[in-house]
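Visitor: I would like a close look at a single part of this model, with the criteria stated. Please begin from the structure shown here.

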Amino acid sequence: MIRQLWTLSVHTRAFLRRYMPTNILLDAIRTRRGLKWGVPAMLLAVPYLLAASTITTLITDGGPGWLNLLVLLCLWNTMKFIIMGPVSLILLGRARLRERAAVRAERRTMAESAEQAT
């Protein structure tokens with residue numbers, strides 16, 4: 001039973017990662033080229049907050065209770081985008097430090113090989 005639940009959760013995660021627009025966008029932001037778009041992507045949290053607020057108003061005015069699921073989904077997506085901004089800055093800083101270290105190591109290797117050649 002646990003094995004089936006585990007398999008179902010793995011397949012569900014793979015489906016959501018592959019086909020849900022917010023997950024596709026966040027995966028694109030996590031690439032080296034996309035890290036610079038993490039902070040502007042935080043602005044996408046605003047429409048999700050607006051949608052959650054609007055749906056909450058509909059619910060309080062007598063809307064169906066299943067709309068609460070949409071509110072939770074909007075709030076979850078809001079949190080994902082808000083968190084991705086600072087995380088992308090940290091990842092970008094780490095990537096740039098690694099790139100600088102690689103350039104320094106390459107220069108050092110070239111200088112050593114030039115000294116040995118002369």
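What is the relative accessible area of Glu99, and does that make the residue buried, partly exposed or exposed?

Guide: Glu99 has a relative accessible area of 36% and is partly exposed. Here buried means under 20% relative accessible area, exposed over 50%, and partly exposed in between, with a 1.4 Å probe and protein chains only. This is a predicted model, in which local features need pLDDT of at least 70 and side-chain atom pairs count only at pLDDT 80 or more, while totals for chains, interfaces and linings use all residues. Residues are numbered from 1 along each chain as its sequence is written, and side-chain values use heavy atoms, leaving out hydrogens and water.

The side chain of Glu99 meets that of Arg32 in a salt bridge, at 2.8 Å from N to O; the criterion is a side-chain nitrogen of Lys or Arg within 4 Å of a carboxyl oxygen of Asp or Glu. Because Glu99 lies in helix α5 and Arg32 in the loop between α2 and α3, the pair ties together parts that are 67 residues apart in sequence. Helices are DSSP runs of H or I with at least four residues, strands are E runs of at least two, and numbering starts at the N terminus. Arg32 is also partly exposed, at 38% relative accessibility.

The count of salt bridges is 3. Arg17, Asp27 and Arg30 are linked in a network. Arg17 pairs with Asp27, with the closest N and O atoms 2.6 Å apart; Arg17 is in helix α1 (residues 2-19) and Asp27 in helix α2, 10 residues apart. Asp27 also pairs with Arg30, at 2.8 Å between the closest N and O atoms. Arg30 is placed in the loop between α2 (21-29) and α3 (38-41). Relative accessibility is 29% for Arg17, 26% for Asp27 and 38% for Arg30, so Arg17 counts as partly exposed, as do Asp27 and Arg30.

Helix α5 spans residues 67-117 and contains Arg100. At 51% relative accessibility, Arg100 counts as exposed.

The C-alpha atoms fill a box of roughly 85 × 40 × 20 Å along the principal axes. Of the 118 residues, 20% count as buried.
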